[in-house]
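This briefing covers the salt bridges of the structure shown below. The points are grouped by chain and by pair.

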Amino acid sequence: MRCFSVRKRLSPYVDGELPGREARKLESHLAGCQRCAADFQETAGVHALFAGARRFSAPQGFSAAVMEKVEARSTNTFSLVPLLVRFAGAAAVVLAIAAGAVSGDVLMSSLVPHRGPEGETVMASLSLDVFDASPPGSLGHGYLSVTGDRR
Amino acid sequence: MDDFGNIEEFKKGDVSAFEELLLKYKDRIYTLCRYLLEDHHDADDAAQDTFVKAFQELKGFTPTASFYTWLYRIAVNTCLDQRRKVSLRKRLFVSDGASFLDTASSQSPSPESDYETRQALLSLQTTLNHLSAKLRVPLVMKEVEELSYEEIAAALDVSVGTVKSRISRAREEMGRMMKISRNKTG
């Protein structure tokens, strides 16, 4: 076995994954080749480092946490309630606006049955412009009469 | 009951069958996550997410491979996603190698061997942290989880030759890094 082939097989050899015949050839090469033997030492050294590496235990409460997450996801997946709650407020606002628009339209139609001078008067009477901020006899009217600032 | 028996029971609606699988594999999956992610909180999150995903996917599981290689595949993908998420944090706050060591030394017989153990583990984590995920994952699966090349290949969905070559390269790189480290300190 040549050095190139040996180096390719060092890692599987360390893992015990080399077939017996190949393993024996490799061992006989290592016995006579210092450079490959040094490479083997390095590979075996890395492997040995893991021998002391610890195996961990999952933290306390791990299983319970997993099952809680699983339940939470299942609930989220199958329930429409959160979706309905989220959009209920917006739906109520839209309905109120639509009802207001429809009833306003009905009201206007009943007050202004046809267009013309009469209809314009009714429209004007609905306008806020017809209201006087200081009608005669009011405190505001008296004050403005005294100061002469009548708008 | 074996894994496939538990899976069949779970498919019939028995959640406790899943809990049995969880109890059986939680330590192995958590250990894998600890070696792939340095931070134990990240490892805890990733391990939990692995089982949550497994729960969601288990009804569609077909027994072409063993359950645990399937579970390992989920765990590896979850860890890689988690690594991407925390990569910026890791770049900003480089790990000091303490996470493997925080509870490792209590069983050591003497202060000297305790020190040696800590140094060895520190060296292990430091070099592991510098390996790319491509090399690190199969090496950890081999060395820590003690899976065969075939099992690793099934879990990672690559050929046995690729696993062999990646583990070999991982060891070469780790050996090279450790040699550099020894030369610096010696």
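In this predicted model, E22(A) and R9(A) form a salt bridge whose closest N and O atoms are 2.6 Å apart. E22(A) belongs to helix 2 (residues 20-32) of chain A and R9(A) to helix 1 (residues 3-14) of chain A, so the pair ties together parts that are 13 residues apart in sequence. Over all chains, a search of the whole structure finds 12 salt bridges.

**Exposure of the chain A pair**
- E22(A) has a relative accessible area of 27% and is partly exposed.
- R9(A), with a relative accessible area of 25%, is partly exposed.

**K24(B) and D3(B)**
- A salt bridge joins K24(B) to D3(B), with 2.8 Å between the closest N and O atoms.
- The pair ties together parts that are 21 residues apart in sequence, because K24(B) lies in helix 2 (residues 15-36) of chain B and D3(B) in helix 1 (residues 3-11) of chain B.
- K24(B) is partly exposed at 47% relative accessibility, whereas D3(B) is buried at 10%.

- E143(B) forms a salt bridge with R171(B), and the closest N and O atoms are 2.8 Å apart.
- This pair links distant parts of the chain, 28 residues apart: E143(B) sits in helix 6 (residues 133-143) of chain B and R171(B) in helix 8 (residues 160-185) of chain B.
- E143(B) is buried, at a relative accessible area of 5%, and R171(B) is buried at 1% relative accessibility.
- D15(A), E143(B) and R171(B) are joined into one network by salt bridges that share partners.

Notes. Residues are numbered from 1 along each chain as its sequence is written. Chains are lettered from A and ligands numbered from 1 in the order in which they are written. This is a predicted model: local features need pLDDT of at least 70, side-chain atom pairs count only at pLDDT 80 or more; totals for chains, interfaces and linings use all residues. Side-chain values use heavy atoms; hydrogens and water are left out. A salt bridge is a side-chain nitrogen of Lys or Arg within 4 Å of a carboxyl oxygen of Asp or Glu. Helices (H or I, at least four residues) and strands (E, at least two) are DSSP runs, numbered from the N terminus. Buried means under 20% relative accessible area, exposed over 50%, partly exposed in between (1.4 Å probe, protein chains only).
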